[in-house]
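Please read the following report alongside the sequence and the coordinates.

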Amino acid sequence: MELAYIPSPSHGVVYLGPIPLRGYAFCIIIGVFVAVWLGNKRWVARGGRAGTVADIAVWAVPFGLVGGRLYHVITDYELYFSDGRDWVDAFKVWQGGLGIWGAIALGALGAWIGARRRGVPMPAYADAVAPGIAFAQAIGRWGNWFNQELYGRETHVPWALHITSSADGRVPGYYHPTFLYESLWCVGVGVLVIWADRRFKLGHGRAFALYVAAYCVGRGWIEYMRVDDAHHILGLRLNDWTALVVFLLAVAYIWVSSKKRPGREVQVERGMPAVGEGTEQDGAEAETEASEGKSAAAPADAAPQPPAAGRASDAKASDAKVSVTKASATEAADAKDADTAVDAEDDASEAAGVKDEAGSAKKG
């Protein structure tokens, strides 16, 4: 007799009249709200407008749901298109089956479209929502608990998950709760990204890349514990290979980005003040944008005004010119006085000579 274990719900859906309320769907919806709420707080703290994250999420979330479902259906096509299967089940998302790899890939495409429409840099937006996505995954994984799916090997640890359903080939028993392991891991990833972002001022998409790399590490060992059917390549499950490749790409992006664009963006949305710490290049770009904005705001027919330093130089030049002019005038006056004095002396001398001659004549 087991003294402790995690019980599974007797059913994953509750009917409110004719309306089914499914635990799997509720977990996804709650996760989306948490991601948008936290992403909005981080975006505003980075200098963006409130509401921008939600506006872009309107594009990202539907794309993500479609991408997640496509990845699941493509990688587990035999569940929907083999003999005895109904292909219509491929559209029944509420029964479970969303691949995070497809959800992130196609969700990023939707976010890129929304970001371009808002004039927002995609890397900065991705950094803002990264920890919220990790927390959303942590909440969404509890949808697997409601559906009694994606559990690990059989075990008798105190936290074992008790599977009671025998539908779709399940064998009732006690198994590793891999949904719980991944949920806790995602919480840790979200906390790690928030800490690293504050500590190292991550920018230009590096916070999002850190989230991807850290998630892949956990997904690798958790995926290895699962016992549900999956395609294998060289002895490893397909999702293990996917996690390895995506991890290497994320680490490479962090390294290359830190070399090419160190620091963090100082402005994440047009028309908003620059916030945060960036490189000199980032500051120059923001200053250039601000200057362009001021130029556009000025009247087209306004005469350009010389800068203050230029006006000061002109004033000094004018003063110097006046001084030179005064000096020249003074010298000219002095020269004129000197000429007058010389003429007066000559006249006096001539008068004296005439007088002497008159005196001599009188004596004679």
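The report below moves from overall composition to helix packing, charged pairs, individual residues and the surface.

## Basis of the model

This is a predicted model, in which local features need pLDDT of at least 70 and side-chain atom pairs count only at pLDDT 80 or more, whereas totals for chains, interfaces and linings use all residues. Residues are numbered from 1 along each chain as its sequence is written, and side-chain values use heavy atoms, with hydrogens and water left out.

## Overall composition

The secondary structure of the protein amounts to 11 helices and seven strands, where helices (H or I, at least four residues) and strands (E, at least two) are DSSP runs numbered from the N terminus. Of the 364 residues in the protein, 36% are buried; buried means under 20% relative accessible area, exposed means over 50%, and partly exposed lies in between, with a 1.4 Å probe and protein chains only.

The protein exposes about 21,700 Å², of which carbon and sulfur atoms supply 65%, the accessible areas coming from the Shrake-Rupley method with a 1.4 Å probe and, for residues, with only the protein chains shown counting as cover. Among contacts (heavy atoms within 4.5 Å) with a separation of 6 or more, residues 24 or more positions apart account for 68%.

## Packing of α1 and α2

Two packed helices are described by the angle between their axes and the distance between the axes. Helix α1 (residues 23-45) and helix α2 (residues 52-75) have axes that come within 10 Å and cross at roughly 145°, the axes being lines fitted to C-alpha atoms, for helices over the stretch in contact, with angles from 0 to 180 degrees between N-to-C directions. From α1 the contact is made by Ile28, Val32, Val36, Gly39, Asn40 and Trp43, and from α2 by Thr52, Val53, Ala54, Ala57, Val61 and Leu65.

## Salt bridges

Side chains of opposite charge can pair when their charged atoms come close. A search of the whole structure finds 14 salt bridges, each defined as a side-chain nitrogen of Lys or Arg within 4 Å of a carboxyl oxygen of Asp or Glu. In one of them, arginine 49 pairs with glutamate 269, with the closest N and O atoms 3.4 Å apart. This pair links distant parts of the chain, since arginine 49 is in the loop between α1 and α2 and glutamate 269 is in the loop between α9 (238-260) and α10 (280-297), 220 residues apart. Arginine 49 is partly exposed at 33% relative accessible area, whereas glutamate 269 is buried at 3%.

Glutamate 269 also forms a salt bridge with arginine 118, and here the closest N and O atoms are 3.4 Å apart. Because arginine 118 lies in helix α4 (residues 100-118) and glutamate 269 in the loop between α9 and α10, the pair ties together parts that are 151 residues apart in sequence. Arginine 118 counts as partly exposed, at 32% relative accessibility. Elsewhere, glutamate 223 and arginine 219 form a salt bridge with closest N and O atoms 2.9 Å apart; both lie in helix α8 (residues 206-225), four residues apart, or about one turn of the helix, and both are buried.

## Individual buried and loop residues

Proline 177, in the loop between β5 (173-175) and α7 (178-200), is buried at 0% relative accessibility. Not counting residues up to four places away in sequence, proline 177 touches Ile6, Trp159, Ala160 and Leu161; its C-alpha lies 6.2 Å from that of alanine 160, which is 17 residues away in sequence. Alanine 126, in helix α5 (residues 122-140), is buried with a relative accessible area of 11%, and its C-alpha atom is separated by 5.7 Å from that of phenylalanine 208, 82 residues apart along the chain.

Glutamine 148 is in the loop between α6 (142-147) and β4 (161-163), and leucine 150 is found in the loop between α6 and β4 as well. Glutamine 148 has a phi near 50°, a positive value in a residue other than glycine, and leucine 150, also not a glycine, has a positive phi of about 55°. Glutamine 148 is buried at 5% relative accessibility, whereas leucine 150 is partly exposed with a relative accessible area of 23%.

## A nonpolar surface patch

Tyr77, Phe81, Trp87, Val88 and Phe91 make a nonpolar surface patch of about 590 Å². Patches are made of residues with over 30% relative accessible area and no salt bridge, like charges being joined within 9 Å and nonpolar side chains (Val, Leu, Ile, Met, Phe, Trp, Tyr) within 5 Å. Phenylalanine 81 lies in helix α3 (residues 78-81) and is exposed, with a relative accessible area of 52%.
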